[in-house]
Amino acid sequence: MNQTSPIELADLVDLEAFPIDDPTSASYIEAVNDARVGLRAEGCAVLNRFVSAEAVELLNDEVLERRHATHYSTQVINPYFHTAFNPDYPVEHPVNTFIERTSGFIPGDAWDRDCATDILFQSSEVARFLADCLEIPILYCYDDPLARLVTNICDPGQQLTWHFDTNEFTVTVLVQPADEGGVFEYAPGIRSADDEGFDAIAHVLAGGRNGVKTLDLQPGDLQIFMGRFSMHRVTRVGASSRPRHTTILAYTPEPGVIGRVERTRQLFGRVLPAHEHAEQERVRSDALLD
Ligand SMILES: [Fe+2]
């Protein structure tokens, strides 16, 4: 690839398999319908090799260039990202079940606006395609200056334990898989907006496998995942494995959305004035624990 010329969508996405620049084409409609089937059935769609093999190398090079910006954290959290015992619940309850989570994130302000990773993220074609898959009218790039576009780094020995996301869906591209471990697992629809699903969650946290699915993701695979209702994790990366790199493209159905101060500090080790400001004017979409 000639990196001196501006990077275009065709340099990044396999437009033959996924003609996201031609939404009236039969292949586009077929890709959308395939994704909808997975999302409706279990809140998960994997678009194999959405990002071309050549582009995945470019994305991974950009991750490696920014590894110094990674914020690593180790916490012992419950699935709701809380760290403190809650006396309102029994000791063995999911709310009071805390598991180690160690990983790193390259934050949103580490990416140049003209790098391949950011161009993929900001592509209006990508956003329209994802909105069509998710059956929502429109998607905007997440406005959070740190969480908008991140790469999750799982180094050898690290894991991203069972948790729920705060967004209803997450879009990821696997940029570099681990050699050993680092497997994505999820419990589709284990809770809903009006049912916390504590019994099923307790089963999985205790090591139970009922309702747990495993994905064999490959480099360039794009995954759309309903992480608000499906508890999920990345299993521990093996001690001699290469790191696992997953780039997270964050979109919201409404413009101008910014993350919570507490969660931002957990993930990135800092907050920006935009986070403090947004905390004052927050509008929540549901009343789940978080
Ligand atoms: Fe997640």
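Mentor: Let us begin with a definition: a helix axis is a line fitted to C-alpha atoms over the stretch in contact, and the angle between two axes runs from 0 to 180 degrees between N-to-C directions. Please keep in mind throughout that this is a predicted model.

Trainee: With that in hand, at what angle do the axes of helix α7 and helix α8 cross?

Mentor: In general, two packed helices are described by the angle between their axes and the distance between the axes. Here the axes of α7 (residues 261–268) and α8 (residues 273–280) cross at roughly 155 degrees and come within 9 Å. Angles over 145 degrees count as roughly antiparallel, which makes α7 roughly antiparallel to α8.

Trainee: Which residues of α7 and α8 meet?

Mentor: Val261, Thr264 and Arg265 of α7 meet His275, Glu276 and Glu279 of α8. Sorted by class, this contact of α7 with α8 has one nonpolar, two polar and three charged residues.

Trainee: How do helix α2 and helix α5 pack, in angle and in axis distance?

Mentor: Helix α2 (residues 26–42) packs on helix α5 (residues 124–134) at about 50 degrees, and their axes are 8 Å apart. That angle makes α2 oblique to α5, and the crossing in which α2 passes α5 is right-handed.

Trainee: Which residues in α2 and α5 form that contact?

Mentor: An α-helix has 3.6 residues a turn, so residues three or four places apart point the same way. From α2, the residues in contact are Tyr28, Ala31, Val32, Ala35, Arg36 and Leu39, and they meet Arg128, Phe129, Asp132, Cys133 and Leu134 in α5. The residues of this contact of α2 with α5 divide into eight nonpolar, no polar and three charged. Within α5, the buried residues are Val126, Ala127, Phe129, Leu130, Ala131, Cys133 and Leu134.

Trainee: Turning to the metal, which atoms coordinate the iron ion, and at what distances?

Mentor: The iron ion is coordinated by NE2 of His163, OD of Asp165 and NE2 of His232, at 2.1 to 2.2 Å. Along the sequence, these donor residues follow the spacing H-x1-D-x66-H. Aspartate 165 lies in the loop between β6 (160–163) and β7 (170–176), while histidine 232 lies in strand β11 (residues 231–234), so the pair ties together parts that are 67 residues apart in sequence.

Trainee: Are aspartate 165 and histidine 232 buried or exposed?

Mentor: Aspartate 165 is buried, at a relative accessible area of 14%, and histidine 232 is also counted as buried, at 5% relative accessibility.

Trainee: Where should I look for a positive phi, for example in phenylalanine 81?

Mentor: Most residues other than glycine have a negative phi. Phenylalanine 81 has a positive phi near 70 degrees, and this residue lies in the loop between β2 (71–77) and β3 (99–106), where phenylalanine 81 is buried with a relative accessible area of 6%. Arginine 49, likewise not a glycine, has a positive phi of about 55 degrees and is placed in the loop between β1 (44–47) and α3 (53–65). Glutamate 135, which follows α5, has a positive phi near 60 degrees.

Conventions:
Residues numbered from 1 in each chain as written. Predicted model: local features only at pLDDT ≥ 70, side-chain atom pairs only at ≥ 80, totals over all residues. Heavy atoms only, no water. Helix = DSSP H or I, 4+ residues; strand = E, 2+ residues; numbered from the N terminus. Parallel < 35°, antiparallel > 145°, perpendicular 65-115°, else oblique. Left-handed = near helix turned anticlockwise from the far one by under 90°. Contact = heavy atoms within 4.5 Å. Nonpolar A, V, L, I, M, F, W, Y, C, P; charged D, E, K, R; others polar. Donors = N, O, S within 2.8 Å, 3.2 Å for Na, K, Ca; no water. Buried < 20%, exposed > 50% of the residue type's maximum accessible area, 1.4 Å probe, protein only.
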